[in-house]
Amino acid sequence: MSNSVKRVEQAAKSLGLGISVVLMPESTRTARDAATACNCDVGQITKSLIFEGAETGKLKLLLVSGKHDVNLDDAQAIFGEALNRADP
């Protein structure tokens, strides 16, 4: 198991959360891929999208249903600044 998976498990444990990380045998890069691998509807998948505030440089995590797209104008209004896709 990778170090990043171990860090996530430890962080969850320190918060009192009981989670079980499952490593998928196939690609889950897209919500559709994840839904197929999990044998569920794409709406049951949560996409995690990372943006960077244009003024502050702070990272913003958006958790979105797999069947929805982010309205960037609405997201920018919520955060009070322009958003750019974060550099991977």
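1. A disulfide is a covalent bond that joins the sulfur atoms of two cysteines. The model under review is predicted, and the structure holds 0 disulfides.

2. Cys38 takes part in no disulfide, and the nearest cysteine sulfur, that of Cys40, is 5.1 Å away. Because the sulfur of Cys40 is 5.1 Å from its closest cysteine sulfur, in Cys38, the distance is too far for a bond.

3. Turning to the fold, the protein chain contains 3 helices and 3 strands. Along the sequence these elements follow the pattern α-α-β-β-α-β.

4. The radius of gyration of the protein chain is 15 Å, whereas a compact globule of 88 residues would have a value near 12 Å. Along the principal axes, the C-alpha atoms fill a box of roughly 35 × 30 × 25 Å.

5. Buried residues make up 22% of the 88 residues of the protein chain. Among contacts with a separation of 6 or more, 28% are between residues 24 or more positions apart.

6. The accessible surface of the protein chain is about 6,700 Å², and carbon and sulfur atoms account for 50% of that surface. The protein chain carries 10 positive and 11 negative side chains; the centres of these two sets are 8 Å apart.

Definitions and conventions
Residues numbered from 1 in each chain as written. Predicted model: local features only at pLDDT ≥ 70, side-chain atom pairs only at ≥ 80, totals over all residues. Heavy atoms only, no water. Helix = DSSP H or I, 4+ residues; strand = E, 2+ residues; numbered from the N terminus. Rg over C-alpha atoms; globule rule 2.2 N^0.38 Å. Buried < 20%, exposed > 50% of the residue type's maximum accessible area, 1.4 Å probe, protein only. Contact = heavy atoms within 4.5 Å. Areas by Shrake-Rupley, 256 points an atom, 1.4 Å probe, with all protein chains shown as cover. Lys, Arg positive; Asp, Glu negative; His and termini not counted. Charge placed at Lys NZ, Arg CZ, Asp CG, Glu CD. Disulfide = S-S within 2.5 Å.
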